[in-house]
Amino acid sequence: MPLKHLTRKLAVASAVACALGAATVGLVPAAQAATALKTGLKVFVIPKNLGNSYFTTSDSVKTGGALAALKQLGEIGQETSGADDTPADQLPVIKADIVKGANALVISATDPTALCPTLNAAMKSGIAVVTYDSDAPTCRSLFINQATPQGIGDIEVDLLASQVHDSGQIAIVSASVDDTNQNAWIGFMKQELKKYPKMSLVKVVYGNDDTATSTTVTEGLLSEFPDLKGIISPTTVGIAAAAAVLDTAKYRGKVMLTGLGTPDEMKKYVADGTVQAFALWNPANLGYLAGYAAVELASHAITNAQGQSFTAGKLGKFTVGAGHTVLLGKPYVFDKANIKNFNF
């Protein structure tokens, strides 16, 4: 499929199948789903860590993120978290927010299980717990998922296939070898590659979401595989590092690169032709949806029953589906035609 058609096909979609989590918060009959939303709720937005540009975009009023949604709904919203992306930094903040009288917590979990004793206790006390971006599946009311693992894996392979004309050696620059999301995406990439028998995945390397390491492993791939035609990096750190390596006359336009990136980091490389197109979701929309969902749940306007639906302001209608997850939608494709319209 030509890239321009693929990009058009995969432009930001209205969010589809959604699902509320397994918590008991907000369990009311489906007939009451039209209940008016409460105002003045204390909602704490807790990203993995403060000072992270991704979460600044997903959370802030200025970008139209979670706090913008809460302000629009008349709630008392506040962003709180620790300095580092660790449960040790995040847990004291969560506990403090509960003491402050939280009605809802919107959390990007630093660990799938370490937060659970605190979050389960919060839910038992009537606090709605919503995770976004990163899940703690056994201790939340619902999870706002940016995209399905298959959707992410498929689009990255399809984008690269269109750029290398469906043939040649390719490689993957991932984050950590133990990263659950990365490994799930790579698993679906391998499945999608079966559609392209002339494309060969020669190696997966790991940059550990560190710029220097990602640079080194990218350089190693180019040395080990002189006929390499393309690289996929499903991590914002990795794709930026790989783009910097490929941004030379020797590789630009000859070794193609795609993956998951943020527009601000990738604009230079798209402008000079090092990268044709890459994907991501809109983090501001992710946070905005999480804010709306938290208020819906804390107001007892929705339940965790499959088939429930709610409207998240500018993003439109979402419906509870399987998996206890609210799905934002398909990944968004950024290229030279649209990347200037985004600032995050």
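At what angle do the axes of helix α9 (residues 236–246) and helix α10 (residues 263–271) cross? In this predicted model, the crossing angle is roughly 25 degrees, and the two axes come within 10 Å. That makes α9 roughly parallel to α10, since angles under 35 degrees count as such. The crossing is left-handed.

On the α9 side, the contact uses Thr236, Ile239, Ala240, Ala243 and Ala244. They meet Glu265, Met266 and Tyr269 of α10. By class, the residues of this contact are six nonpolar, one polar and one charged.

Helix α9 also packs against α8. Here the axes lie 8 Å apart, at an angle of about 50 degrees. The two helices are therefore oblique to each other. Their crossing is right-handed. From α8, the contact draws on Thr211, Ser214, Thr215, Thr218, Glu219 and Leu222. From α9, it draws on Val237, Gly238, Ala241, Ala242, Val245 and Leu246. These residues divide into six nonpolar, five polar and one charged.

| Helix pair | Axis separation | Angle | Handedness |
|---|---|---|---|
| α9 and α10 | within 10 Å | roughly 25 degrees | left-handed |
| α8 and α9 | 8 Å | about 50 degrees | right-handed |

How much of α9 is buried? Eight of its eleven residues are, so the helix is largely enclosed by the rest of the structure. The buried set is Gly238, Ile239, Ala240, Ala241, Ala242, Ala243, Val245 and Leu246. Their cover includes helices α8 (211–224) and α10. It also includes strands β9 (228–233), β10 (256–259) and β11 (277–280).

Leaving aside residues up to four places away in sequence, Thr218 touches Val173, Ile231, Ala242 and Val245. Ala242 and Val245 are among the α9 residues in the contact with α8.

Helix α6 (residues 149–163) is another enclosed element. Does the length of α6 agree or disagree with its residue count? At 1.5 Å a residue, the 15 residues should span 21 Å; the end C-alpha atoms are 22 Å apart, which agrees. After α6 comes His165, with a positive phi near 60 degrees.

Terms used
Residues are numbered from 1 along each chain as its sequence is written. This is a predicted model: local features need pLDDT of at least 70, side-chain atom pairs count only at pLDDT 80 or more; totals for chains, interfaces and linings use all residues. Side-chain values use heavy atoms; hydrogens and water are left out. Axes are lines fitted to C-alpha atoms, for helices over the stretch in contact, and angles run from 0 to 180 degrees between N-to-C directions. Helices (H or I, at least four residues) and strands (E, at least two) are DSSP runs, numbered from the N terminus. Angles under 35 degrees count as roughly parallel, over 145 as roughly antiparallel, 65 to 115 as roughly perpendicular and the rest as oblique. A crossing is left-handed if the near helix is turned anticlockwise from the far one by less than a right angle, and right-handed if clockwise. Contact means heavy atoms within 4.5 Å. Ala, Val, Leu, Ile, Met, Phe, Trp, Tyr, Cys and Pro count as nonpolar, Asp, Glu, Lys and Arg as charged, and the others, Gly among them, as polar. Buried means under 20% relative accessible area, exposed over 50%, partly exposed in between (1.4 Å probe, protein chains only). The expected span of a helix is 1.5 Å times one less than its number of residues.
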